[in-house]
Amino acid sequence: MNNMEKHIKDYNEIRDWLKQRDLTNTNIKATVRLYEASLIKQAEETGKGCDRCGLNRFLTIDHIVPQGFLLSVGINSSKELLVDNLQVLCVGCNKLKGGNFDLVNPKTKKVLKEVFEKILK
């Protein structure tokens, strides 16, 4: 199991634990932030750094499909985590991308498919 699979497994366990205790609405934002922090820590520790340029400093979490778009279709990304929608970018690359779709990232199509499946349910 690679590090990303481990983080996803850990996230799913936390999410399931919260659901069992009916705490998903009150604590999910904290869970999302912890998961995001773990992605940054993993990128720093492995030396992977920014997904675009490789810089290993000033790392941030970016949403491949912008939060504004998600909100416009009824998905609040601070309350509902789309694991594949997150990428680690340095501040510079994150500012360059801004609030646009990340058409460079191969995960964009997968995330959009997941979003549309959610809204069409």
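Predicted model: local features only at pLDDT ≥ 70, side-chain atom pairs only at ≥ 80, totals over all residues.
**Exercise 1. Locate the salt-bridge partner of K97, and decide whether K97 and D62 are buried or exposed.**

Solution. 
- Step 1: Identify the partner. K97 bridges to D62, with 3.3 Å between the closest N and O atoms.
- Step 2: K97 sits in helix 4, and D62 in strand 1 (residues 59-63). They are 35 residues apart, so the pair links distant parts of the chain.
- Step 3: Check K97. Its relative accessibility is 4%, so K97 is buried. The cut-off for buried is under 20%.
- Step 4: Check D62. A relative accessible area of 4% makes D62 buried too.

**Exercise 2. Which parts of the chain does the K110 and D84 pair tie together?**

Solution. 
- Step 1: Confirm the bridge. The closest N and O atoms of K110 and D84 are 3.0 Å apart.
- Step 2: Assign the positions. K110 belongs to helix 5 (residues 107-119), while D84 lies in the loop between helix 3 (67-72) and strand 2 (86-90).
- Step 3: Conclude. The two residues are 26 apart in sequence, so the bridge ties together those parts.
- Step 4: Classify D84. With a relative accessible area of 19%, D84 is buried.

**Exercise 3. Describe the surroundings of C93.**

Solution. 
- Step 1: C93 has 12% relative accessibility, so it counts as buried.
- Step 2: List the contacts. Leaving out residues up to four places away in sequence, C93 touches C50, R52 and C53.
- Step 3: Compare sequence with space. C93 and C53 are 40 residues apart in sequence, yet 7.6 Å apart in space, C-alpha to C-alpha.

**Exercise 4. How many cavities of 30 Å³ or more are there, and what lines the largest cavity?**

Solution. 
- Step 1: Count. The search of the whole structure gives one cavity of 30 Å³ or more.
- Step 2: Give the volume. The largest cavity holds about 40 Å³ of space.
- Step 3: Name the lining. It consists of H63, L70, S77, E80, L81, L82, N85 and L86.
- Step 4: Sort by class. Four lining residues are nonpolar, three polar and one charged.

Definitions and conventions. Residues numbered from 1 in each chain as written. Heavy atoms only, no water. 1 Å grid on protein atoms, 1.4 Å probe; cavity = no way out; pocket = protein on both sides within 12 Å on 5 of 7 lines; lining within 4 Å. Points joined across faces, edges and corners; volume = space filled by probe spheres on them. Nonpolar A, V, L, I, M, F, W, Y, C, P; charged D, E, K, R; others polar. Buried < 20%, exposed > 50% of the residue type's maximum accessible area, 1.4 Å probe, protein only. Contact = heavy atoms within 4.5 Å. Salt bridge = Lys/Arg side-chain N within 4 Å of Asp/Glu carboxyl O. Helix = DSSP H or I, 4+ residues; strand = E, 2+ residues; numbered from the N terminus.
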